[in-house]
Amino acid sequence: MMGAAMFLFRRRPANLPEPVVQYLDAPRPDPALLWRDVPYSVMDVETTGLNPRRDALLAIGLVDIDEGRIRMDRRWYSLVRPPDDAPVNPEAIRIHGLLPQDVEHAPPLDDVIPVMLQRLTGRVLVVHVADVDIGFLRQAMRRLYGVEPRGPAIDTARLAWHFQRHQHLIEGSGSDQEPALQLRALAESVGLPVYPEHNAFNDALTTAQLFLAQVSMFEAHGTPRLRDLLRAGGCLR
Amino acid sequence: MEEIVRFLLEHPPFSQLPLLQIQRIASAVQIEYFGQGAHILTQGGKPASFLYLIRRGSVDLLQERNGVVELTDTLSEGECFGYVSLIRGKPPISTVRAHEATLCYLIPAALFHQLRRDYPSFAQFFARSITDRLEHALQQRHATAAPELFQTRLRDLITEPLVTVSPDTPVREAARRMREAQASALIVDLPPYGVLDAGSGIVTDRDLRNRVVAEGLDYNTPIAQVMSAPAITAPADCLVFEGLLKMIEHGVHHLPLSDGGQIIGVVSYRDFLRLQSHNPLLMPQRLVRAHSDADLRAYTEQVTATVGGLLDAGARVSDIGRAVAAAHDALLVHIIRDAEAALGPPPCPYAWLVLGSEGRYEQTLRTDQDNALIYADNAPEGAEAYFEALAERVVEQLVRCGFPRCPGNVMATNPQWRQPRSVWQNYFRQWISVPSEEALLQTAIFFDLRPVYGTLDTEASLRPIILRARENRIFLGRLARAALRQTAPINFFRQLVLERRGDQRGVIDLKYRGTAMIVDLARLFALEAGVPDTNTITRLRKSANHSSLSETSAEELIAAFELIGLLRLRWQYQQLRQGLEPGNQVEVDKLTPLERRELKEALRAVAVAQRAVAVTFQTSLIA
């Protein structure tokens with residue numbers, strides 16, 4: 001555990017690939033910016049399991065948000081070949097539908113991550129349930145380059161929880177029912193169309209739409225700034 | 001991606017694009033979410049840089065006029081906005097505000113313009129004028145409903161070789177040539193020789209049978225003696241449906257096709273049948289064999305069934321009206337001839353007139369009879385009794401064929417409407433010089449007269465008197481006021497105005513507050529322009545620019561007339577199929593969103609024309 005804390009203060013390793021350096025050096029967006037003026041990248045991953053230490057990445061989907069609009073022309077999706085010691089287990093195939101032969105010829109992680117980091121450079125990362133998505137990204141970056149992913153990032157599940165908590169406070173509802181935070185349920189609850197689930201790209205798109213809907217809930221109190229979004233749903237410093 | 005593609009596939013005009021283009025759009029769209037009340041576009045603000053397609057939710061269009069903000073329309077899922085600003089490159093003419101939380105797909109301007117360039121149907125959809133849009137809506141139905149009738153050109157039906165002979169060819173030689181070529185018709189080349197132009201004659205199998213063999217003519221008779229000339233021809237690039245109508249209207253079985261003034265081939269009824277084996281359009285032929293009442297009744301039933309077929313096939317209501325008029329005229333002629341056969345030859349020239357919708361070629365379903373009879377002045381003794389008997393027989397027979405008597409007694413059996421020429425002329429003069437309420441009601445029926453049978457020249461006798469009414473400003477003013485008695489049921493906010501009382505709630509009358517309003521306007525404009533025709537569309541077309549009607553307004557009214565007529569007829573047919581009495585009261589919430597939108601557009605065109613009439617004729621009255 002100490003190791004993880006030490007990690008943060010370690011000097012940056014030498015000989016990092018250029019895209020990784022640029023990713024790390026990009027200035028962080030000013031939290032005082034209006035939310036629309038901030039570029040975002042919405043990410044979703046498919047994996048062989050839920051444990052970033054043990055399981056492997058199989059697919060990554062990204063879609064950008066610029067000026068408050070989801071850009072289908074700036075979407076990205078890549079399959080990832082899992083390492084030989086982390087085969088695709090039958091349990092997970094049921095969820096993501098990816099078969100071993102689908103990823104057999106995909107590029108390995110160390111080819112995919114630099115491309116992905118290039119796309120994330122200078123952008124605020126948006127994910128649904130950070131523990132999983134950012135967990136896998138962190139694990140990959142540590143293992144490959146000995147560096148950490150950079151914030152800030154926003155977790156739409158955390159934003160949803162924020163709104164639900166507010167709702168409870170306002171309505172004084174005594175229900176201590178666990179709020180539903182599944183992506184699909186949340187998207188449907190705000191009247192969004194849901195794209196077929198468990199495909200890294202579709203889930204990223206659904207997350208992106210959910211994010212826009214959540215931001216519009218802030219609008220009642222004036223256009224939110226990045227700072228407001230981070231306060232309610234930030235997840236990576 | 002697949003989701004966006006699926007959505008585009010379900011919504012016009014995208015649904016008409018090739019799949020490849022739809023995929024291209026799906027991968028280029030941007031997606032934006034608007035909370036309730038958010039302003040998406042601002043009137044007079046920044047021009048739109050996207051075409052907006054509503055994926056979820058709805059938006060309000062607001063227009064500010066003289067400091068007052070008015071709601072002009074509400075658009076919902078699958079509808080587009082922003083294109084007016086995009087096309088003109090000018091600030092939006094309306095503010096677009098999210099009526100509720102709304103998700104939109106945004107198509108970038110460059111892609112939108114490229115699609116408009118590459119796909120005319122896509123461009124048409126966003127055309128600025130309502131005429132273009134209504135026209136497009138009709139075309140779409142034609143194209144999808146009966147491709148063989150509405151997409152095939154006549155030239156594609158040509159199977160027979162073109163056989164031509166000179167006019168002095170003996171009939172035996174001509175018949176031999178037809179047998180050799182296995183042709184059912186041949187073209188007779190008339191001067192100037194060597195040029196098969198529109199003046200050429202035609203001889204068919206039937207002509208050889210009926211005019212040569214049955215008449216016992218010498219087989220050396222020159223073919224010119226038995227030919228029909230000039231032949232009824234049609235442009236080779238006409239749609240099959242138009243060709244079919246032409247054959248029905250003229251009662252011919254062969255249609256020489258012209259291309260650049262030259263005959264290039266002949267198509268026959270059989271060629272049409274081959275294309276659509278169950279087409280019921282050749283009905284007038286069946287009448288020849290009809291003798292019993294049952295035959296005649298079966299015939300009228302068949303006509304009604306045909307209307308349904310044409311409707312399903314996506315025909316225009318105006319074309320259906322022409323086809324039905326041809327069929328009903330044939331029936332009427334058959335019935336009158338039977339009556340003449342029973343009563344003996346008429347004592348003097350006369351004409352049987354049809355009035356109202358039949359007179360305008362606009363009858364689609366069987367309705368009440370509206371007819372009259374005119375006979376020559378200084379008729380011999382007994383003429384009145386003869387025509388009374390004739391009228392009784394014909395009207396009675398029509399009732400048996402399913403045409404009920406006119407409740408207002410506008411029929412030739414009523415002595416008032418069975419009069420010599422001079423009496424009729426006085427009727428018209430009287431109506432025009434003293435335009436009472438009663439008189440205006442009569443003009444609405446009798447100005448739309450059309451002779452169907454008889455030798456008396458009605459048009460020459462009555463039409464000049466009718467047309468002279470245009471010089472009477474008071475009469476025109478009254479006629480204008482009568483035409484404005486019903487106003488288009490659409491308010492300033494472009495919302496349909498529905499009945500709010502009792503069992504009429506949510507209902508709109510597509511006749512009295514729809515087609516009839518356009519019929520009245522067309523009659524007024526035709527009179528103003530001195531156009532003798534009775535058909536509403538012809539009247540509008542011919543009086544444009546020759547009356548206070550502008551060409552644009554004429555086109556809009558024509559499109560509106562077709563559209564409302566189509567909605568009305570479709571509605572009536574639906575009722576017929578459910579075993580109900582067809583009416584004109586349409587329940588608006590049973591219309592599809594697209595039909596509602598089209599109806600709104602059409603009624604708006606009527607409202608605009610009505611406002612213009614109000615201005616024009618009020619001014620002229622004061623002056």
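Author: Start with one residue pair. B:Asp60 stands opposite B:Arg97, a residue of β7(B). The model is predicted, and the pair is a feature of that prediction.

Now widen the view to the strands. β4 of chain B covers residues 58-65, and β7 of chain B covers residues 95-98. Four bridges join the two, and they run antiparallel.

β4(B) also pairs with β5(B). That pairing is antiparallel too, over eight bridges. One partner pair is B:Ser58 with B:Ser76, the latter in β5(B). β4(B) and β5(B) form a hairpin with two residues between the strands. In this hairpin B:Asn66 has a positive phi, near 50°.

Strands of a sheet pair through backbone hydrogen bonds, in a parallel or an antiparallel way.

Strand pairing also links the chains. β3(A) is joined to β1 of chain B, residues 30-34, by two bridges. These strands run antiparallel. Within this pairing, A:Ile70 stands opposite B:Ile31 of β1(B).

Next, the contact as a whole. Chain A puts in 17 residues, and chain B puts in 17 residues. On the chain A side, β3 (69-79) and α9 (200-218) each supply at least two residues. β3(A) gives the most to that side, with five residues. By type, the chain A side divides into nine nonpolar, four polar and four charged residues.

Now chain A itself. Its secondary structure comes to 10 helices and six strands. The chain has 237 residues, of which 38% count as buried. Take contacts in chain A between residues at least 6 apart in sequence: 69% of them join residues at least 24 apart.

One helix of chain A gives a local example. α6(A) spans residues 130-145, which makes 16 residues. From its first C-alpha to its last it reaches 21 Å, close to the 22 Å expected at 1.5 Å a residue. Several of its residues are buried, among them A:Ala130, A:Asp133, A:Phe136 and A:Tyr145. A:Ile134, A:Gly135, A:Leu137 and A:Ala140 are buried as well. A:Gly146 follows the helix, and its phi is positive, near 70°.

Last, confidence. Chain B has a mean pLDDT of 84, and 89% of its residues reach 70 or more. Two stretches need care. Over residues 277-283 of chain B, pLDDT stays under 50. The model has 16 contacts beyond four places in sequence for that stretch. Over residues 619-623 of chain B the pLDDT is below 50 as well. This second stretch has three contacts in the model beyond near neighbours in sequence. Where pLDDT is low, predicted coordinates should not be read in detail. For the complex, the predictor gives an ipTM of 0.88 and a pTM of 0.55.

Definitions and conventions: Residues numbered from 1 in each chain as written. Chains lettered and ligands numbered in written order. Predicted model: local features only at pLDDT ≥ 70, side-chain atom pairs only at ≥ 80, totals over all residues. Expected span 1.5 Å × (residues − 1). Buried ≥ 20, exposed ≤ 12 C-beta atoms within 10 Å, placed from the backbone. Pairing = 2+ DSSP bridges. Contact = placed C-beta atoms within 7 Å. Nonpolar A, V, L, I, M, F, W, Y, C, P; charged D, E, K, R; others polar. pLDDT = per-residue confidence, 0-100.
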